[in-house]
Every structure is written in C-alpha cells, then in structure tokens.
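Please read the points below alongside the sequence and the coordinates.

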Amino acid sequence: MPEGPELHLASLYVNKMCDGMVFGGTVIKSEVSKCPEVAFTCDSYRITATSRGKEVKLTLTPMKSDDDGNRRSKGGQADQHMDIVFRFGMSGYFRFTSEEEVPKHAHLRFYTKEKPRRVLSFVDTRRFGSWQPNGTWQPDRGPCIMFEYKSFRENVLSHLSDRAFDRPICEVLLNQKYFNGIGNYLRAEILYRLNIPPFVCARDVLEGLQLEDEFENGKAKKKAIKREAGDVLRLSHTVPLEVVNLGGKGYDPEKMDYSAFEAWLRCYYVDGMKSVRDHNGRTMWFKGDPGPMAPKVVSKRRKAEKTQEETQQSETKSTARRKKSNSVEPAAGKHLGL
C-alpha cells in the first residue's frame, strides 16, 4: 500500500495541480463508494493539501468575494473551510484531469469553475481507501516519521516498556502508533541497511538509542559514529525522505514511471534477497539470518522452497508489470508494500 513518502508526494501533487485553480459547486461521490458524502457546496473555493504519516488532508477554503473581506455566502453554501482526511488503503491516489478523462474508479470528485471544467479526483481501484469530512488526524497514530522527527523519536523511546516492543522489530516498524508512515518496503530497506535481522526483539534494537539524535543536530563525534550507525529511528526518518527526493519518479499519476524507484531499492523484491511471512501474514524481505523470533510454522526446507517460489513469482510479476506498465494504476504496484 502507499506509505508515508507516497502520501506526502500525493499532497505535493495536489498543491501543484490546484495552485491558482478555483473550484466550485458540489463535491461529487461515486454511487458505488461506501464512504460518506461530503456535504460541501460553495460557489468558489480553493484546495490545498498536507500530509502526516499515512494520511493526507485536503482543505477546502471558500474564497472571499466582497470588498470588506467578508465571505459572501448564499443559502446552503459553505462559508467555513472543510478538512477532509484521506487514507489511501491499498491503491488510492489523486489525479487532476479534464472532465472527459476522469478515471473509471474516481470515487470523489472536485470540479473547477473554468470552462471546460477540470476535475481533481480521488481514485481507488480496490476501494480500501477512505475519507472523513470534517476529519482530523487519527489520534492513535504517532507523529510523522518524516516531518515530526523529534516528536516521533521521543514517542518511541518514551514507550519502550509497552508490550508492543516485545514483538520482532520488523513487525513493530509497521505499528502506526509509533512508526506513522512506515510500510512494507520501507521496513525492508531500513533493516537491510543496518544489517539487523528482522525477527529480533524490537526493544533490544531500540533501548540503547539516545533521545537526542547527534547526527541530526550536527553534534556527532567520531566515537558516536558506530552507535548512531545502528539507529533505526534515524533511518526511519531519512530513508523515506530519500523516496520523497525522487520526486515524481516515485509518485506520478501522469507518467506512471517507477524505474528510478526500482533502481533505488536495495532489498525489497530484489534478486538474491530472502522473504518470509511475519506473524501478521505480511511478507518480509531480508538478507541473511531472519533472527530468533522468526515464525516456525513450516520447516526450514519448506521455508527455503517457499522463499524460492516467492522470488520466482516476484520475478515473473515484475517482468509482466514492465511489459504492461501502461495498464498499471498509480500507487497500486508492488513497490507500495502490497
């Protein structure tokens, strides 16, 4: 599914495409969507977006239209802004098109006032995504790994006594209460770079870290380099930002070009890596020994056979995906943590 970097790139995409655009009328929901109606009707309004971890917030702001700076509203029309919080599920993304080119699975649509009209759509092929009108960031999600780094770090290190940290580090990295924005491909890349077996106790990995990141503040000394090199929290912050810095090559609904992203991957779905399903059924990619807490449901021989089979399947899917790249929906590919 889309992870923190993809959600942030989606917000940047909305802000770029909607810059200077004036929207108007009613927000339209598709008939098949089970998400709530968006009761917002306004003659003229703007759209901006922000992201936090695995959520994106669209803000619909009515435009001021009279000389004294007060909003002029008609009966039934919004005179206050509305926040709509989106969660992308397995395949959500935004797209800005002409009215004739609206994607098939556009489940929420915002129309411009210009003629011919254009449309900002929330597209979700699998319909696992959701939105909440007048919504707020989910309170059970921790600070954003990318843009609230200090708070994120404090939140983790101040709760190491929580039973959640009894679990393997690879599974804790998917716990959005502490790692808001990390998903399947990011956890593989982070642990691979640190050479940490995925199935070791999370508390053992984290308890030696300091509250203040010396590297982040430019205070690191040579003697601290070895300790900080194994800082899972720091890489949970910096590795996602590398994906963001790929720009449209990581999230581009227009071009659907993921070649730069695939070249960036070092572990996830990479030839020669191993894979095993964690205790939650999510496939973990890694190199070397999985660690003492690895699932023991099947024999080592069956694990080896299964790993080989999954690798072959991933290669086959990757080849097929490249051949049919024009038919793949943005943000729905294997690189998004499916």
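The points that follow are grouped by topic and describe a predicted model.

**Strand β4 and its partners**

- Strand β4 spans residues 55-62 and is mostly covered, with 7 of its 8 residues buried.
- Strand β3, residues 41-52, pairs with β4 in the antiparallel sense, and 8 bridges connect the two.
- The two strands β3 and β4 form a hairpin with 2 residues between them. Glycine 53, located in the turn, has a positive phi of about 60°.
- Strand β5, residues 82-87, also runs antiparallel to β4 and is joined to it by 5 bridges.
- Lysine 57 in β4 illustrates both pairings: threonine 50 stands opposite lysine 57, and valine 85 is the bridge partner of lysine 57 in β5.

**The open sheet**

- An open sheet is formed by 4 strands in the order β2-β7-β8-β6, with antiparallel pairing.
- Strands β2 (28-29) and β6 are the edge strands, each of which pairs on one side only.
- The pairing of β2 with strand β7, residues 106-111, is antiparallel and consists of 2 bridges. Within it, isoleucine 28 has arginine 109 of β7 as its bridge partner.
- Helix α1, residues 4-18, lies across β6 and β8 and runs at about 15° to β6.

**Aromatic pairs**

- The count of aromatic pairs comes to 19.
- One of them joins phenylalanine 88 and phenylalanine 122: the ring centres are 5.6 Å apart and the planes are at 55°, so the pair is tilted.
- This pair links distant parts of the chain, as phenylalanine 88 is in the loop between β5 and β6 (92-98) and phenylalanine 122 is in strand β8 (residues 118-124), 34 residues apart.
- Phenylalanine 88 has a relative accessibility of 3% and therefore counts as buried; phenylalanine 122 is likewise buried, with a relative accessible area of 1%.
- Tyrosine 185 and tryptophan 264 form an edge-to-face pair, at 6.4 Å centre to centre and 90° between the planes.
- Because tyrosine 185 lies in helix α4 (residues 184-194) and tryptophan 264 in helix α8 (residues 259-264), the pair ties together parts that are 79 residues apart in sequence.
- Tyrosine 185 counts as buried at 0% relative accessibility, and tryptophan 264 is buried with a relative accessible area of 13%.
- Both residues belong to one aromatic cluster, formed by Tyr185, Phe261, Trp264, Tyr268, Tyr269 and Trp285.

**Nonpolar cores**

- The largest nonpolar core has 48 residues, and Val156, Ile169, Phe179 and Leu206 are those with the most contacts inside it.
- Two or more residues of this core come from each of α2 (149-157), α3 (169-172), α4, α5 (202-206), α7 (232-245), α8 and β11 (283-286).
- Phenylalanine 179 is in contact with Ile145, Phe152, Val156, Val172, Leu173, Leu233 and Ser236, when its neighbours within four places in sequence are left aside.
- A second, separate core has 29 residues, including Ile47, Ile84, Phe86 and Phe96.

Terms used: Residues are numbered from 1 along each chain as its sequence is written. This is a predicted model: local features need pLDDT of at least 70, side-chain atom pairs count only at pLDDT 80 or more; totals for chains, interfaces and linings use all residues. Side-chain values use heavy atoms; hydrogens and water are left out. Buried means under 20% relative accessible area, exposed over 50%, partly exposed in between (1.4 Å probe, protein chains only). Two strands pair if DSSP finds at least two bridges between them. Rings of Phe, Tyr and Trp (its six-membered ring) pair if their centres lie within 6.5 Å; planes under 30 degrees apart count as stacked, over 60 as edge-to-face and the rest as tilted. Contact means heavy atoms within 4.5 Å. Axes are lines fitted to C-alpha atoms, for helices over the stretch in contact, and angles run from 0 to 180 degrees between N-to-C directions. A nonpolar core is a set of buried Ala, Val, Leu, Ile, Met, Phe, Trp, Tyr and Cys residues joined through side-chain atoms within 4.5 Å.
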